[in-house]
Amino acid sequence: MPGIRKISVAKGISWVEVPEAGVYLQCGCPADSVKHLMKRGLIVPVEERGVRFETGPNALLLSDKMLQNGEFANLAEFPILQMLYRQGMLIPGHVRNTGEKPIMIGIKEQLSAQLRYIYRGNYGLVSKEEIMATGTSEELADEMMAMKNRFAFGAIRESHELIETKEVRGNAIEIKNGVYIQRLGLNRYRVEYLDDYVDIDLNLDPDENYETPYPLGFYDIKREYFGVIHSGEGDGWDINRPCMSSVLMFQGKIFLIDAGPNLIASLNALGIGVNEIEGIFHTHAHDDHFAGLTTLMQADHKVKYYATPLVRASVTKKLSALLSFDEDNIGNYFDICDLEFDHWNDIGGLEVKPMLSPHPVETNTFIFRTLWEDGYKTYAHMADICSLETLEGMVATKERPDGISQAFCDKLKANFSIAANVKKIDIGGGMIHGSAIDFDHDPSDKLILSHISRELTHREKEIGSGATFGVVDVMIPDYQDYARRNAYYYLKSYFDTLPHYKLRTLINNSLESYNAGTNLLKEGETNANVYLLLTGNIEMINTKESTYNVLSAGSFIGEMSGIQGVASEHTFRAATFVQLLRIPVSLYMPFIKENDLYSVIRQLQGRREFLQQTSLFGDSVSTVVLNRIAQKMKRITLEEGEVLLKEQNRDLCLVFSGSLSRHLGPEHTETFVKGDFFGEESALFAMPSLLRVKSLEKSEVCMIPGELLHDIPVVHWKLFETYENRKSTLLSTKAAMSAKFVWNDEYGIKNNKIDNHHQKLFDMANIIQSSLDDASADMEMIEDTLCFLVNYTAHHFNEEEWMLKEIAPHEYESHKKLHADFLERVGTLRGLFDVAAQKSVRLALSEFLEHGIIGHILGETERLNHGLTH
């Protein structure tokens with residue numbers, strides 16, 4: 001019987017098939033979605049007419065949200081690659097190359113972002129000019145473009161040449177052959193065929209996360225002076241192992257080499273909290289080395305980002321495309337530390353030399369060293385590389401003069417042969433990965449073969465070793481006590497006014513380790529000890545209050561209940577292997593009183609515990625950072641029915657008690673209760689808010705200055721995700737389903753800063769227009785709308801003028817005059833409010849949106865496109 005079938009694959013991933021119509025639809029594509037399909041038998045190897053290939057989806061439905069619960073919701077790179085290459089849809093002469101393209105389905109915003117992200121994932125930097133903008137010489141840029149074009153089969157192609165896109169809005173659209181899809185709401189879809197249908201919901205619950213396709217277990221790993229933890233030897237197709245990566249230990253500090261999918265699962269298995277990570281050394285921007293960056297963006301400090309400017313530029317362009325934010329926003333999450341190619345860069349005694357690697361996107365391999373007896377100890381990490389055969393085939397010849405030079409080829413080959421005490425290499429094969437045979441006579445002491453999804457062959461076993469997850473190679477053992485060093489750092493940050501000798505009183509206590517799953521302190525118990533978390537993560541749980549948070553290194557456990565001698569309000573449970581400093585309450589209490597700290601701690605503790613119980617500040621924010629916020633936080637009281645004043649809404653607002661409602665004109669959009677927050681647009685972008693907030697009962701609201709949050713990546717990341725999701729909700733319920741003002745890519749000027757700003761104006765214009773069309777909207781709502789327009793227009797112009805000074809200074813003065821004239825028109829419109837009837841004001845505002853703001857943007861686009869090219 002013909003019909004439609006739906007399979008739930010994993011959280012956030014479903015499969016819909018209509019075999020009769022030839023439709024195989026993958027719904028949702030978070031990290032490692034292809035591996036989940038493989039594990040469920042929905043992608044399998046087959047053979048047809050002597051050609052081996054894989055089955056799989058031919059269409060892909062994107063999430064409406066770019067992020068869910070802190071993780072990328074749309075990572076279409078590997079699903080599309082699977083269709084193009086492993087299924088054979090793009091390979092010339094392949095039995096599956098019928099001329100059909102992979103179909104990608106979604107809302108316009110996500111389709112556009114994914115096309116840009118896939119484009120950058122395929123090619124990285126796409127012109128000689130982009131490469132030279134990183135400080136690369138013209139000669140090297142020419143060599144790189146020649147190599148890049150060879151990898152790209154002669155031409156860099158836009159994503160739309162490889163992928164068919166279908167935008168969903170309000171009405172059902174045909175996927176193909178009579179199979180239709182309709183968007184029902186935010187992340188909710190219906191797929192129909194004949195008289196049958198299935199519904200798809202891509203939303204995650206607030207306490208859900210995307211799943212890891214493989215189990216990892218838990219490991220208790222000692223921090224070494226210089227060593228490497230092998231955290232991944234698979235590739236993007238390996239269903240049993242994480243992708244090729246390593247964790248470097250130096251003087252007890254933790255550095256990552258690459259950030260692949262499901263990074264948080266790997267860190268938890270290894271007993272490493274995100275706040276323990278000092279930095280990441282990044283090889284390149286392919287998803288199997290890139291998708292875990294969101295984990296590092298959720299630390300309470302800026303993780304140091306180490307790469308050459310060439311790789312950093314490539315990664316930044318891909319990340320900004322994926323998240324639709326300005327390229328310089330990466331500085332909100334990482335401390336950028338550029339490395340110089342082919343030189344030893346000193347990082348606090350750890351030296352690293354990045355070397356250019358032949359790959360379709362900009363890639364640097366690394367060799368690390370540090371001084372020890374009889375010279376240096378070294379570790380080399382070579383991901384990703386190509387085979388020598390592929391590299392030599394790129395050299396220019398008389399028949400094909402468009403290749404690389406022999407000298408460039410020889411230099412890249414020389415990088416392969418560098419010896420190290422331990423050396424990990426990519427042997428993934430094919431055109432863009434390495435071959436074990438090229439390292440048959442490698443002079444390194446130990447060779448680790450990596451980046452494969454299969455067992456090693458007998459010949460490969462003769463050449464090098466394998467490494468299972470969690471195995472450690474120690475180059476220099478540890479003879480120091482790094483745990484107590486870290487304890488001192490956390491205590492000094494907490495008790496910053498006390499001298500060293502007083503802190504030693506606390507440090508001179510026992511260090512204790514606990515297995516994953518151990519309850520350290522249960523709700524209702526009184527504790528005789530206060531604990532300082534040094535490594536790993538601890539869960540803080542109270543199911544009655546619906547509280548669940550994860551604490552990282554630097555957090556105190558049981559401090560206030562211990563001081564007050566009361567029962568704990570939460571259960572604290574080791575989520576990983578953990579190490580803690582145990583401080584008896586019988587010592588901690590007199591220590592606090594003797595140093596006159598009791599009143600200060602009591603004052604901050606109540607605020608800090610409240611912050612720790614919220615979704616915004618509860619995860620991965622250390623005690624020290626929470627104290628800093630608690631010191632600056634102010635609390636205001638609102639009576640029932642009272643509206644939060646605009647000037648009060650310039651800070652981040654956190655509900656301490658009571659409940660509040662937020663309105664867009666007459667429409668209720670959201671209710672806030674204890675622990676909820678709003679005002680993220682002001683905290684992130686210093687933008688005015690269009691929405692009004694009214695207290696439903698007597699309520700207390702904590703006000704936190706936005707600038708205090710800019711250097712806390714995990715908070716910045718959650719605010720950004722909330723802003724995007726709330727915007728998506730507004731556009732879904734109001735304007736997006738029947739938008740009057742539709743952004744088209746041709747309106748852009750190829751400058752992400754200005755284009756993103758103009759797209760936000762389009763979004764806001766649709767929301768405002770939808771409210772104006774609502775006959776129930778009163779004059780108060782119209783006045784709010786007008787105030788928003790005045791404030792936001794001024795905000796936009798200030799931002800744009802600042803950007804023009806950087807990218808088109810010759811256009812600055814003329815645009816500044818245009819902006820002044822435009823703001824005068826806005827002022828005239830505001831004056832109309834005082835004298836005109838409601839209907840006239842509505843018409844004037846609507847006219848202003850269409851011919852004023854939108855017309856102004858299109859006019860500026862034409863002027864800037866002309867100005868930026870002259």
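Modeller: Two strands pair if DSSP finds at least two bridges between them. Strands themselves are DSSP runs of E, at least two residues long, and helices are runs of H or I, at least four long, numbered from the N terminus. This is a predicted model, so local features need pLDDT of at least 70 and side-chain atom pairs pLDDT 80 or more, while totals for chains, interfaces and linings use all residues. Residues are numbered from 1 along each chain as its sequence is written, and side-chain values use heavy atoms, without hydrogens and water.

Biologist: What is the strand order in the open sheet of four strands?

Modeller: The order is β29-β34-β31-β32, and the pairing is antiparallel. β29 (519-521) and β32 (547-551) form the edges, each pairing on one side only. Neighbouring strands are turned by 25° on average, direction ignored. For such angles, axes are lines fitted to C-alpha atoms, for helices over the stretch in contact, and values run from 0 to 180 degrees between N-to-C directions.

Biologist: How many bridges join β31 and β34?

Modeller: Four bridges, in the antiparallel sense, link β31 (538-542) to β34 (571-574). Take Ile538 as an example: its bridge partner in β34 is Ala574.

Biologist: At what angle do α3 and α9 pack?

Modeller: About 165°, with the axes of α3 (108-123) and α9 (309-323) 7 Å apart. That makes α3 roughly antiparallel to α9. The cut-offs are under 35 degrees for roughly parallel, over 145 for roughly antiparallel, 65 to 115 for roughly perpendicular, and oblique for the rest. The crossing is left-handed, a term for a near helix turned anticlockwise from the far one by less than a right angle.

Biologist: Which residues of α3 and α9 meet?

Modeller: Contact means heavy atoms within 4.5 Å. From α3 come Ala113, Gln114, Arg116, Tyr117, Arg120 and Gly121; from α9 come Lys317, Lys318, Ala321 and Leu322. By class, this contact has four nonpolar, two polar and four charged residues. Ala, Val, Leu, Ile, Met, Phe, Trp, Tyr, Cys and Pro count as nonpolar, Asp, Glu, Lys and Arg as charged, and the others, Gly among them, as polar.

Biologist: How many salt bridges are there?

Modeller: A salt bridge puts a side-chain nitrogen of Lys or Arg within 4 Å of a carboxyl oxygen of Asp or Glu. The count comes to 46. One of them joins Glu138 and Lys128, at 2.8 Å from N to O. Glu138 is in α5 (138-151) and Lys128 in α4 (128-132), so the pair ties together parts 10 residues apart in sequence.

Biologist: Where does Gly22 lie?

Modeller: In the loop between β2 (13-18) and β3 (23-27). Neighbours within four places in sequence aside, Gly22 is in contact with Asn58 and Lys176. Pro57 is 35 residues from Gly22 in sequence and 9.9 Å away in space, C-alpha to C-alpha.

Biologist: Is the peptide bond from Ala383 to Asp384 cis or trans?

Modeller: That bond is cis, with omega near -10°. Asp384 is in the loop between β24 (375-382) and α10 (388-392).

Biologist: Is phi of Ser324 positive or negative?

Modeller: Positive, near 55°, in a residue other than glycine. Ser324 sits in the loop between α9 and β20 (334-338).
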